[in-house]
Structures are given as structure tokens and as C-alpha cells.
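Please look at the sequence and the model before reading on.

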Amino acid sequence: MLIQKVVISKGVYWVEIPEANLRILCGCPEDAVKHLIRRGFIHDVVENEVTFESGPNAILLSDTATQNGCFANLTEFPVLQMLYRQGMILPGHPGNYGSKPLLIGSEAQVRTQLEYISRGNYGLKSEQEMIEAGAPPEQARERMRLKLKFAFGAIRSSRDLLDVCIVEDDTANVRPGVFIDRIEPNVFMIAYGGEAVEVDLNLAPGEVYEPPYHLGHHPISKEYFNVIHSGEGDGWDPDRPSMSSIITHQGRIFLIDCGPNVGNTLRALGIGVTEVEGVFLTHAHDDHFAGVTTLMRSDHPVKFMATPLVRASAMKKLSALLGMSEPEFHHFFQLVDLPEEVWTSVMGLEVMPVPSPHPVECACLRFRAMDGDGYRTYAHMADIVSHKVLQGMVTDDENAPGLSRDAFDRVWESYLVPADVKKLDVGGGLIHGAAADFREDPSDKIVLAHRATPLTTEERRIGAGAPFGTSDAMILGSQTYTYQKAARLLRSYFPDISRYDLQALLNGPVQQFNPEAFLCREGEVCDHALLLLTGQAERLESETSGASHGLMAAGAIIAENCCLHGKPLEQTYRALSFVTALRIPAVPLRHITSGTQCMTALHDKAGTISFMRRTGLFNDNLSRHQLLELLIGAETVALTDGRMVEWGAEGSLDLVVDGTVELVLDGEVQERAGPGGFFGETFVLNGVTPLYEVRAAGPVELLRLRTRRIGETPVVRWKLLECNQTRLHAMVIQKFTDDGNVAWSDAFRIHVPDLDQQHRGLFVKAGKVYEALAGDGSPGAAEAIDDLLAASRGHFAFEEALLRKTGYEEVDGHAVLHRKLIADMEDMARRICAREKVNPQEFRSFFLSWLAFHILGEDRKFVPVVTTSR
């Protein structure tokens, strides 16, 4: 057998071809390295008296950035493992055999990964970016000097560290004799020596990537001010989550960092994602940041709290990973900038970020709250640097990489400020702390974290450990936050209820359910409803319904219709974590709520709400109250066979209730959508009509929803973004790939004549680059790409001038996107002019994803303003 293929976990495979010295990690979601360690594919090797690690030397990327809400391509830690822990970049190292780590995948995904890896290495990459984020020029200069010291004197391109292999429509030669073909999206064939294996990176609907460890279940106590230890490991620890904490304060829940598999962490602690008020971010390395998409699937915008520089670094990295413009994240997060070295109150919890030297923007976080004896404090010191390493960075040369003696003193003084509880990064090496530096620290309690290896005897004398789920109660609580939360939730459900009737509903007992226990089952006639207060449950639809299962979060009422109308339950509800719920008896619920405006609306919309919950779009983390709000202004639309959908002036999101519709582009059917399917996502996301037309294939019933409220619901918006990217890729990128050309299509028209003409001209010039690369190669291609680059600069300048003239409010943000596009094109031009290998298929995919997505996603936003002003 020449090729070995092993299933590592869902959506992740190991393919090894020993004769070709090729070891491919196929699929690279969060914690892929930990999975490989646990399966033995990464282990210690001794050669020439040097101990280093084995592991992959290539990564096959997913064709999509995310799958089912999870990051599908997180190569930061696997690449670091190859470069440094295997030694592939280290001079004279036995693991350095002359080859760089290899990224394999589509042009679009390889390009975004290169930028994401660069942001992971460096964060903000220039003084100008720091100034744009809010740093004073002198501070930006000081921070850049320090960054360059960590970067060994220069910010390097990711292409200096990595090789790439682009896989588009043609067979790609990965290594001598090794070939890879894409059979269909996310399905690949790898061949060598007459053998071949198929690798399917697709997750099934509803499937998610698996965590490498099982955390068990740990009920938590919500004291007045409590620190829950949710991670003490690092990015290499296969048995524990990376360093993180959770603070509960006055009944609210705040995360400190959100590393890989944070959803699994929350579930193990009995916390639903909708219960999270906000996240405090120390920095944007993946072991502290990769779980952010979990928070983007909440029912409300989560507070994202960081210093301006950390926030800017994180948003640029997230933008690279997801292929989204930075303004899009305002729909998912409430961005809260925290000034450095100043106490700021966040809903009564005070926090002070203190900058910490690191390769990317980083801050230690101090928290405090007051009780009868004064302030109680917690210090979270992730990714600090040791005294020895920091001392070695001191220089008197103001122009050299490093930091001044004054800066060194300020940093070290900030590290040694005592706290009641101080959690320290003691990971060692060049970018982490050392426990010995805190031997004399006067803090009441020191917790040592950010380690994959056991603590030494000396380290155990200095600080304590904190196993997962343990906590430090900073200030005990004497209030009942459970009933306060129940009252708040019931008031949102029944806004016109009297306070006396509200108290009657609150008089029921609070019940706790163990993980995996049934809350209620299909076929039961319940004599009570359950108001979920904490934790998460799953809703299992009847086997015969064919509907999507869903998640029920805190705030949902279970079995409400059943106990109001005496009908058997049509679903089963099962706890996924520890769950607490208020038990509301049916008799007072029926008596108190009968005739209220809210219950009248519920009665009228009960069937529609039930249908929405069975769709893949509205089945997760949405309460009945939220679904009722989304139904405001909704209407039912009937279509006869062959009738085209007419887009209204305001636009809508349409769900197929019954029948089938066809999505048509350029006269061809691109997709068919049946019951539960939807269309019109671009109205919600961008306020523009879809690229496609919609036609009824037989009698059709639609539920037409107004778009504004939908766009303000993060979990729904996330699913619409995933759908939009999938449809654009299938209808545009894949179509042109199949056609084998770079040609203008009327689908790209935005109906602004001057701009349409210029866009068409860019396609003509791109076609000349494509033809040159397909013909005699670089000489003609260099001239053609320079011509395309010049035309692109001229077009963007013209467009920005037009937008300023017509008063488009988002022109500055649009100009930022243009600068990014030009930087990408300059990189492509540099490679072509340097006669690096760029095949025509790679260029075609680059140009289409580069310009087509910009035209279809961003340019169409300003069309109403431009056309109205004319």
C-alpha cells in the first residue's frame, strides 16, 4: 500500500505517502493539532541527539471557510507546529529537509489563509494601521519597534514561510508523482503510483467538528463576583482547553477569551451561548480567539470588549478568515473599546487592560468589584513574557527593534501589581511567562496556566492549579439571580401582564435537569410549561416530520402550546447540559395569559412559528418571543406554476412553505428549494436584489418576512451569510470555472452605466492576463497584469470620487476595501512579474473572487444612492 488514509475525526483525515515524504492533514478545523497528538500522528522524535516532533508537512484546505457555523480552515497552529516544533524552518535542524510547509486548496482559500496566518504572526503590520486603530503616533512607533523585535527584524510575507499548491478545475501536481483532483466541492482524489484515495471534507447537515477531549459536566454557582476556571492548557495541550476564564457578576456571564471549542466549554459548564453578555479579549491568537464564531451565532449581538489595538487586530484577522468586510461584524458584536490603563465600568464590573509585549497586540486584564470591605480583584495575565526574554529586548538605540529601559520598567511593574487572585501564563519560551518571576509576588492566590507539560516542584511551590470547572468566589451573593432572570424573561414574553399575575407565574419551582435527561417527550400531554433559565436543550422533531432538529437556549418556553391547549407534544426535548428551568403550571398560565395581546398573537401565529422552528434557518437559539417579532409584517404569498417572484421595493426574505421554486441565473436553473428553503438573503445582508431570479415549479406557498429585524438577529444572519457565499460560489465562481474563461456576464451589471462600462473593461484586461498565462506565460502576462493593475487603480479612484459626490455615507469604508483589493492585485502582479508559477486557472479564480464578490456584495449597496442622486 503506497497511500495510507486514516479518519482522525469528523471532517478531518490523515493521508500519508511515505515514498513521496508527504503527510497531509486533510481538513483543518479548530484544535486539529490536538487531535493529531491524541491519535499519535504528532509525537516526539530523536535524531542526532535533537528531540523534535513528527507531524504533517502539508494541509488540504476545505473549499469553504466555515461549515455548519464552525471555522473549517484554522491553519495557524498546524503551520507553527511544522515550522518550529518539527523544525522545518530552523537552520541545521534535522527536521529541516529543504521543503516548506505546503498549503493545498482553492485559490480563494489559500489566499485568505496566507493573510490570516500573517495576521496571526504579526497582528497589525504597520505604524499606520496602529494609528488608524487609535494609537498616537509615538505609541505606534514604540509598539512597532517591539513587534519587529519579536519578528526578528522584519514583517515577512507568509509566502516566504510556506509553499502553496492551487487546486482548481485541473489536476494539480502536489509533489513529484503525487496528484490531486477536486471531484466535487470539498471532495478530493489523491493519487500516487497507481493508487488513489478519496477525501470528503464535507460535514453532514447539523454535524459539527469534534473537540479532542471530553470535559464532563460541571454545574456552576453564579455568585455576586465569581471567577470560573474554564481553561488552563495551551494550544498544544491535547487534554485541556486553552487558558481562559469566565466571570459571573450580578448574575451576568462574561468570557475572558474564547478559544477553540468554546461551545463545548460552555455546554460542559451548563451555559448556553445566549446567556453570554460579552467577551473580553486579551489577543487574537487562535488558542484565545478561534471560538468567536460560536458567539456570532447568539440571538443578540454579544459585547466584544478589548483595547482599540487588540480589537483592530482581531477584526482584521476575522475578516481574513471569513472573507467579510470589517463593518459586517457590527451586526454580530457590540464593539466596546477599553482604554489602556484606565478603569472602565462594564455593567458595574470594572476592568483595566494593561498592554503586554507579544508578537500581536495583547493586553493583560484586571477586574474588580466592591463589597463591604472594599475592592476584590482578579488579574488575568495571558501571554505575558518572561523577565529574561524582556530584558534581552532592551536597547538604547531608539531606531532599533526592541524597547527602552523605561518601557521595560513599566511593563514589569504592571506584571507585579498584586491581586486577590492572579492567573499567569507560565508557558515559557520566547513569548510566554515564567513562574519563577513571580516567586515573591504578594498576590493572595496565584494560578499557573497556559501549559501543556506538568508543573515542576518549584513551580508548584509558587502557584496553584485550577482544574476545569473550579471557581474562586470573589464576592459571595445573597441575591436570587435565578428568579430575577425569570421575571425579566416572562416580562418580555407577556409585556402587558400585571405585576401581580407575574408573581403568580414566578411562584412555580425552579427545577434542575441533568445533562442528557428528558425535559418532556413527544406524545406527552403536559400539565406545565418550562421556562429555560440556564443551559441548553435540543428539540428532536418527530421521525415522520422530516423537519430539522434545533437548539433551545435560555429564554425559551417549552411545552407552552401543549399545556395551554391540552394537545400532545409533537417534539421531544432533551438537556444537552445542566439545565435549570422555571416550572409554570398550566392552570395559572391559561388563566393569566388568556386574552392578553401577546397570547392572541401567539394563537394566530402558532402554526407559523411551529413551521419556522422546523426550518434550518430558524431552528437554533431563538425564543418564541423573538420569532413573533420576526413575523411582524409577514404575509403569505401564493404562486402559480411558472410564475416569477416579483421583488418588492423594500425586499423580503421568502420561505417556501409548500411546493418548489427554482433559482435561475442567465436562463439556467442553478438551485431548487423546497419546503423550509429560502431566498432573498441579499435583501437582508446588503439591501440589494439577489443575483438570481426565482420561478415557481408548480403551485407554491411562500412566507414573506420583512428583512430589517432578521438582519439584526446574529444567528440567522450568520446562516444567511453562509448561504450567500455558497450560492455566489456555485453560481459565479464555479460557473466560470466550468466555462473555462474570464468573460463578462450581465449578472455583474449594477445599472450604473459608467461603472458597468469600467467593470466590463476590467474583465477584458483580466482576460488578456488569462490568455497570456495560458499561452507563452510570464512575458506577456507581466505586461497584461500591469495594465490591469493600472486600470483597477483608475476605476477605484473614479468610483470613490462618484460616491463622495453623491453623498454615500459608507464611502470611507468602501475605500478601505479598495485598498485591500489593490494590495491583493499588487501581490499577484509581483508574483507574475517575478515569473513565479501562476497557472491560468489560479488567476481566473483570483480575479473572479477578487472583483466579482466585490461587485456583487459591496458595489450593489451604493446603487440606490448613486441612481437617486442622478
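Q: Why does R727 count as buried?
A: The relative accessibility of R727 is 7%, and buried means under 20% relative accessible area, exposed over 50% and partly exposed in between, with a 1.4 Å probe and protein chains only, so R727 counts as buried. This is a predicted model, in which local features need pLDDT of at least 70 and side-chain atom pairs count only at pLDDT 80 or more, while totals for chains, interfaces and linings use all residues. Residues are numbered from 1 along each chain as its sequence is written, and side-chain values use heavy atoms, with hydrogens and water left out.

Q: What makes the contact of E681 and R727 a salt bridge?
A: A salt bridge is a side-chain nitrogen of Lys or Arg within 4 Å of a carboxyl oxygen of Asp or Glu, and the side chains of E681 and R727 meet at 2.7 Å, N to O, so the pair is called a salt bridge. E681 is buried, with a relative accessible area of 1%.

Q: Which residue forms a salt bridge with R439?
A: The partner of R439 is E458, with the closest N and O atoms 3.1 Å apart. At 45% relative accessibility R439 counts as partly exposed, and E458, at 34%, also counts as partly exposed.
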